[in-house]
Structure formats: C-alpha cells, structure tokens
Amino acid sequence: MTRRRVHLAAHFPGVNNTTVWADPRSGSQIAFSSFAHLARTAERGGFDFFFLAEGLRLRELKGRIHDLDVAGRPESLTVLSALAAVTDRLGLAGTVNATFNEPYELARRLATLDHLSGGRAGWNVVTTSDAFTGANFRRGGFLDHADRYERAAEFVRLARRLWDSWEPDAVAADREAGVFVRPGSIGEVEHRGRHFSIRGRFTLPRSPQGRPVIIQAGDSDEGREFAAAEADVVFSRHGGLAEGKAFYADVKARLARYGRKPHQLKIMPAATYALGDTEAEAAENAAVIRRQQVSPQTAIAFLEQVWGRDLSGHDPDGPFPAVEPDLSSDLSQGRVAIKDRAGVAARWRALAEEKKLSIRELVIEVTGRQTFVGTPQSVARQIDEHVQAGAADGFILVPHLTPGGLDDFVDRVVPLLRERGAVRAGYTGTTLREHLELE
Amino acid sequence: MTLHLAVALDGAGWHPAAWRESPADVFSPAHWAGLLAEAERGLLDLVTIEDALGLQSTLPDGPDDRTDQVRGRFDAVLLAARLAPLTTRIGLVPTATTTHTEPFHVAIGIATLDHVSGGRAGWRPQVSPRASEAAHFGRREFPPLDQVLNRPGGADLSADPHVRDLFAEAADAVEVARRLWDSWEDDAEIRDVATGRFLDRGKLHYADFAGRFFSVKGPSITPRPPQGQPVVAALAHARLPYEFAARAADVVLVTPHSAGQARAIVEEVRALSPDLKIFADLLVFLDEDGQAARRRKARLDELDGAELASDAAIFTGTPAELAEVLLEWRRTGIEGFRLRPGALPHDLFRITRGLTAELRRRGAFRHAYEAATLRGLLGLPRPAGRYAETAP
Ligand SMILES: Cc1cc2nc3c(=O)[nH]c(=O)nc-3n(C[C@H](O)[C@H](O)[C@H](O)COP(=O)(O)O)c2cc1C
C-alpha cells in the first residue's frame, strides 16, 4: 500500500482553554505580530494552513464574564487578509458562523480573501446558534438546534452558486475592444429556499480556487452528514488512535452517498503535543503544561460547569465535593454544552475516590487531551502511524503558547517527518486546495 | 498649518472609462499595494476604499448590463487589511454598509483593522438604499430607488421615510460600534498569576444597546483597538447626512462645487457640530500641462459615450492650479480634501508628487509623518473609554 501523506495545519493558540497565558514566554493573543509569527512558523514548516477559531460572545460562568482563560480575539477574515500580505503559500482558514451571517455578504468576503491571498482561503463552517450569542445580532436566537445544519447546508450551496456565477473568463479587460466583462458572463442567481430567498448578481469574479476550501467542525450525526455532503476538511476532536479510527471510518463511509471519494474529504483532528529530549522529560513537560492549563481557580470553574452550582467555597487542592450536581441549572454560557452532566459527575466522583485525587488533580486527569507526548522522533513516528493506520489524514496542531508555541515542532519534528517522507519537503502548489490534494 | 489630504481609491479610477488607459489589473493585490505605497510615499493622511453590496451600475438601482466599464469589487475592509502590513503610517478607511452588515461584525472588523495596522483604521459608514441590494439578502423589502428619487418635492431624500430610517439605523450602527470599541477598557487584560485571572472583568462592559432597528448586548470579542476608537468618516451631501455626520462621525466628506458653496456648507455643518473635521471631495484630472489633463478627460468621456457626471466637483488642470483651489477653499473653513483620482495610477502620481510639492512650497503640507496613528495625523484626540470614568 502506498504511504499516505500527513497533512498539517496550525491552530492559533488564542482564545481557548488549552492556551497557557501565565507562562513567561506567553505573548499577546491580539497583536498582529503574534499572528504573523505563528503563520510564518507554520509556513516555514510547510503546513497546509493556518487556522482560527471563532466565538461571537465572551464566555460567561455564573452569569459573569469568565475571567480565567485567554479572551479577546480579532475578526477572523480581517486578520487572515492581513496575514495574506506576510505569507506566500500558507492556507488561511477562518471559522465563521453560518447562523449569524448572510450568504451574499459572507460569500463575497470569502471570495475576496481567496483573491487577495492568491487562492489560499478556507472557511470553517460552524453552526453554533443560541440566544446567548444571538444577543449580539439583529435576529437574536432565531434558529432551533435542529435547523442549524439545514441552514448551513443551504448557506454553503447558495455561496457556491454565487462563487460560480461569473464565468471563469468573464473578465476580459480588453482595452482595445472596450470590453471589461464579456457579455452575458455574469449570471443572475435566484434562490428560493427554506432559509434564504435572494436574487441578484455577485460582485466578484471567480476566485483562484473557484471556491474556498470548506471545513466542518461538528460532531453530531447531522454534523457528520453535512461534512460528508459539503466539506473538504473535517476538524474533529478525535485525536486518539482508536476513537480516531472509528470517527474516520464513520465519516468516510458517508461520502459514497453523495457520490464522493474518500480522498475528497480530509479528516484532521485537533492535536496537542509536548516534546522532550527523553520520554521522561516529555512526560514531565506535559505534566507542567497541564498544571499551567488548570490553575486552582480553573479547576473549580470546570467543576462548576458540570455541577451547575457555585463551588467557590471548595479548596481546589482538597477533596472532591460531597454535594450533588444541580442538573436544573446551567452556569456556563458560550461553550459547547457538556452532554449528560449527571453521568459525567458520577464518573468523576468514582475516579476521584478510586485514585484519591484532589479537585484540581481530578480535573487535570479528566480534561487532559495531549495527543502526542515524547521525543521529536517518537512524536514524528506517532503522527505518521496515526495517519497510516487510518485514524486521520493529518492534524490541526493546537500549541499551548502564543505565539512561539509551534517553533519547537517546526524546528524539531518537521525535519523528522520530512526524513520519513511523511510530509512534503516543501510546497508543490500555490493554493490551499493543492496543498490538501483536493484537486 | 498642514492641510489634510486623502485619496479615494476605486477600481481603475473614478472615470468609468479609466481602465481603458490604465495598466491596472483591479483584481490583483499588487495593483492595490502599488497604489498604497505611492500614497504613503506622498505622505497622505489616508486612503478610502469604496465598496457596495451590489455590482457597479449607471442606473440608480440594479445592474445595467454594461460590459465596457469596470464591474466587480473586493470587500473593502478585507482589502484594507491586506494592505495594512505593507504600509506603516497611512490611514486606511474602508467603506462598509450600515444597512445590511451586522453592526457587531463591522465593529470587530474595523477594530481588527486597527489592531493589524497599529492604529491606522477608519470606517466610512454608508447606507444602502437600493432595492436591488436588499434583494441580495432577502430579509427586507425596499421601495425601488427611482420611486424614492422621483417623489413629489424633488430629490430631497431626507423627506423620504425610507431614507430617514436608513440614516437613523446608520446612527445606531455607529453608536453600537463605538460602544463595542469602548467595551474593553484599555487595561482590561491583567494576567494576574496570583489570582489566576487573565481579565479584570470590572473593566469589561456590556454595550446594552437597544434601539428601533436592533439590539446588541456586547461586550466586544475584540479588545479595545489601539486608537481607542477608529476614525469614522461619513460622506454627506445634504442636511440629513450632515446631521448624521454631526452625531456619528469624526470627519465629514462634503461636496461643494465652489468656494462660495464650501463656505455655506461649512457654516451649516459647524452649526451642527463644533469639532467635526470637514473635508471636501474633488474628482481630479491632473497633468503638468492643463491642456493635457482636459484632453485626457475628453478622451475618456468619448470612450465612455457620455460626459463624466459626479456628485463632487470635477477639477481638470495642473497640480499648481489645484493647490490654489484647495488653499482658497481652505479659507472657507474646509480642513482637508479627499481627492478622487480620475484615472489610476496616473492622477494619484500627480497628487503624491506634483500636488504635495506645490502645497509644501506654500507651507501647507507636511514634510514627514508626524504621528503613528490616523487620529494623530488628523489631530483628533484618543478618546477615553466611555465606561472607564463610571468605574468606582
Ligand atoms: C474541533 C471543533 C472545533 C470547533 N470550533 C468552533 C469554533 O471555533 N467556533 C464555534 O462557534 N463553534 C465551534 N465548534 C462547534 C461546532 O461548530 C458545533 O456547533 C458544535 O460542535 C455542535 O455541533 P454538533 O452537535 O454537530 O457537534 C467546534 C467544534 C469542534 C468539534
């Protein structure tokens, strides 16, 4: 069997609960220099793309703005457009909500980014919709959970029609003949659907990629189906070997229904890593990172999200709380909801009792998702093995430090991946679609 | 005192036939990068970038099927961001509509432009009255624009309820943006290891805006931009938009056709606001030989099949003659100019090399950038956050 190529992307470690800010090496999560640093590092490593998450409302816990994690981020497409000026080949992918945007406008912005980057744009279509985020927008929380992917699918199909509505050679710019656009080459788009009713002409010529790369990041059955139908890349949480293989097999099996081939959808789980000169040192580094990620206050806050109760009186280094969760209240807003809080609480309590863990130790244990821990050699081998075993087509690396968190990976692991022939020696194409071998 | 100089960029220039004589490829980033480098070389205060959520047209509303003019345009905010890292001093003022774009999205987009440019962002808010553009969204029905324009009483759009609503909505949109820009105090990020807190939540504020057209909770997701509030510049031709500008903008771009009109407009605007900066728009064709400029414009008019019409006055002549006009208008209280180059890059070069030199000779233009932010260049103070004072 021929070797599968490992695709790599870089998540900007701004706002998320794995980003470590208390480390002295942690820099600004908002200064453009931070974005430029990480993007240039990723480009030096020959990565397929740079990736930005999005959240349109600041998270809250117990009715107050959550103040423990990194917060504050730029508008995704605007900062990516600026990054297009300081990079040459790196794909530029942004998360943009399909619920609180409109197809004509967003299609236009994405096509603009594709033009301005020479064909490097990607769009992670997320559907998070609720009244909490909706409070920042005209329509409020207008969409039922069940309708989110339906709107997203209609949105993407409509965007695609807009992107396709100019003939590829519409812009003649023939000065002698005085023909700027060829007659009849700008099509009229008319759409009447359940979520959108629009009519008109698009304002941009076909972009270098025709359409930006579509990424999807949901996990439910509807989410997976949407990915199989519409996406080029899936960003998943299933970085482990066994769960990765199950997810991979499940999503790839759905493609045939849409007349698509397995290689037309790349599955790229989020992955974190910790390196060391020896396995023991790597494990030690991983433990240090985990303690930085879960401060005493964060440990309590984490438990409060599951418990639905104020636990601020508890000692994070003390025993697990005796009180039962209050399942009638949800104290956390602006995060993906934790499913089955009763079950989670019961499992955690059992684990804490069995291993005699303090609150903080327990949270460190249950929230750990370091995917790769080891020496550069072993991390390179693990990554390659996951891909060869059919657990992923590659990974979206989530470094824990801004903006230098990828430096060691690119300096130490990428050369080994190149030696193994697991990744390209350098860029062979100019567009994101080419990097991802999507044709 | 230095006069403020802005250039309005759009396509291959403001003459619809300009592309016929221009080497510019309007869809290439290199075209725009070249224009920006030139504008910054000329030490201009800022460039504006035009935009609309519909195709260019010679009709008041809807596409016209003409194939002999530039059609198609980039999103202006993204284009400005693409140019920001390639420049270091010049202000970047994209156009974005207040009618269809969510105020929250505009506010964080412009704040981001301010972050990526190190404090050089502005925003030209613009209403979108066209029914054809509303049809691109399908959420609101607008009366056809020719119906609005042909109402009894003539072209005074401020009498039209549709137009009045659009401006009221625009004022709300700018108000929301300003509240969101202020919603993080400058020092909200504390990184206090001892207490485990990244933020001081006492320095984050809900915008809590509720108006006729929308409500926005806030706070912003984007920390306060370097300028505190990016510069808001509104184009205005009549009483209603003057009122909008006085209420919402830092700079108003007006369109007098003579020094006399300039004086009257300045008086009218000044009565509405004492500190709004007043710039005048002029569409310009410049050559070292005035005849050449007139011939060039006539040639383009002929190629287009019609004499150029514009809301702004059209100037055709030499940079020295233009310098005289600008200085004369300045005496009426106009503080700066936004020049719309008839053809790019030709007229931009005449501005950045010829006109600036003429003005300098008369002691009316800078020899070096004297500030690092757009507010600094325009002599606008950095606003204190509105919520900062109310904190205990
Ligand atoms: C790996 C991953 C990353 C995600 N990133 C974002 C994000 O940046 N912004 C966002 O609004 N939602 C994000 N989501 C949420 C999804 O878009 C989706 O709304 C959520 O997973 C619920 O959908 P589901 O029921 O299909 O899983 C992410 C989800 C996953 C699995």
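Colleague: Over residues 24–391 of chain A, what share is helix, what share is strand, and how far apart are the end C-alpha atoms?

Modeller: In this predicted model, that stretch is 39% helix and 17% strand. Its end C-alpha atoms lie 35 Å apart.

Colleague: Into which domains is chain A divided?

Modeller: Domain 1 covers 7–164, 190–277 and 370–435. Domain 2 covers 295–366. The C-alpha centres of these two domains of chain A are 30 Å apart.

Colleague: How do you know that domain 1 and domain 2 of chain A are in contact?

Modeller: Contact needs heavy atoms within 4.5 Å. By that rule, 11 residues of domain 1 of chain A meet 14 residues of domain 2 of chain A. Together the two domains bury about 1000 Å², with 56% of it on carbon and sulfur atoms. On the domain 1 side of chain A, the most area is lost by A:Arg59, A:Leu61 and A:Lys62. Those three account for 49% of what that side buries.

Colleague: Why is the pair A:Lys62 and A:Asp310 called a salt bridge?

Modeller: The closest N and O atoms of A:Lys62 and A:Asp310 are 3.2 Å apart. The cut-off is 4 Å, between a side-chain nitrogen of Lys or Arg and a carboxyl oxygen of Asp or Glu. Therefore the pair A:Lys62 and A:Asp310 qualifies. The count between the two domains of chain A is 2 salt bridges. There are also 4 residue pairs in polar contact across that interface. By class, the domain 1 side of chain A that touches domain 2 has 3 nonpolar, 3 polar and 5 charged residues.

Colleague: Now the two chains. How many residues of chain B are in contact with chain A?

Modeller: 79 residues of chain B are in contact with 73 residues of chain A. The area buried between the chains is about 6400 Å². Carbon and sulfur atoms give 60% of that area. In chain B, B:Leu78, B:Arg201 and B:Ile221 lose the most area to chain A, together 12% of what that side buries.

Colleague: What makes A:Arg108 and B:Asp75 a salt bridge?

Modeller: Their closest N and O atoms are 3.9 Å apart. The limit is 4 Å, so this pair counts. Between chain B and chain A the count is 7 salt bridges. The chains also share 40 residue pairs in polar contact.

Colleague: Which element gives the most to the side of chain B that touches chain A?

Modeller: H3(B) does, with 9 residues. By class, that side of chain B has 38 nonpolar, 22 polar and 19 charged residues.

Colleague: Which kind of peptide bond runs from B:Gly218 to B:Pro219, cis or trans?

Modeller: That bond is cis, with omega near -10°. B:Pro219 is in the loop between S8 and strand S9 (231–235) of chain B. Another cis bond joins B:Leu344 and B:Pro345, where omega is about 0°. B:Pro345 is in the loop between strand S13 (336–341) and helix H11 (346–361) of chain B.

Colleague: What is phi of A:Ala173?

Modeller: Phi of A:Ala173 is near 45°, a positive value in a residue other than glycine. Most residues other than glycine have a negative phi. A:Ala173 is in strand S7 (residues 171–174) of chain A.

How values were computed. Residues are numbered from 1 along each chain as its sequence is written. Chains are lettered from A and ligands numbered from 1 in the order in which they are written. This is a predicted model: local features need pLDDT of at least 70, side-chain atom pairs count only at pLDDT 80 or more; totals for chains, interfaces and linings use all residues. Side-chain values use heavy atoms; hydrogens and water are left out. Domain bounds come from an automatic or database domain assignment. Buried area is the accessible area (1.4 Å probe) that two parts lose on being put together, summed over both. A polar contact is a pair of N or O atoms within 3.5 Å; within protein, one must be able to donate a hydrogen and the other to accept it, and residues adjacent in sequence count only if both atoms are side-chain atoms. Ala, Val, Leu, Ile, Met, Phe, Trp, Tyr, Cys and Pro count as nonpolar, Asp, Glu, Lys and Arg as charged, and the others, Gly among them, as polar. Helices (H or I, at least four residues) and strands (E, at least two) are DSSP runs, numbered from the N terminus.
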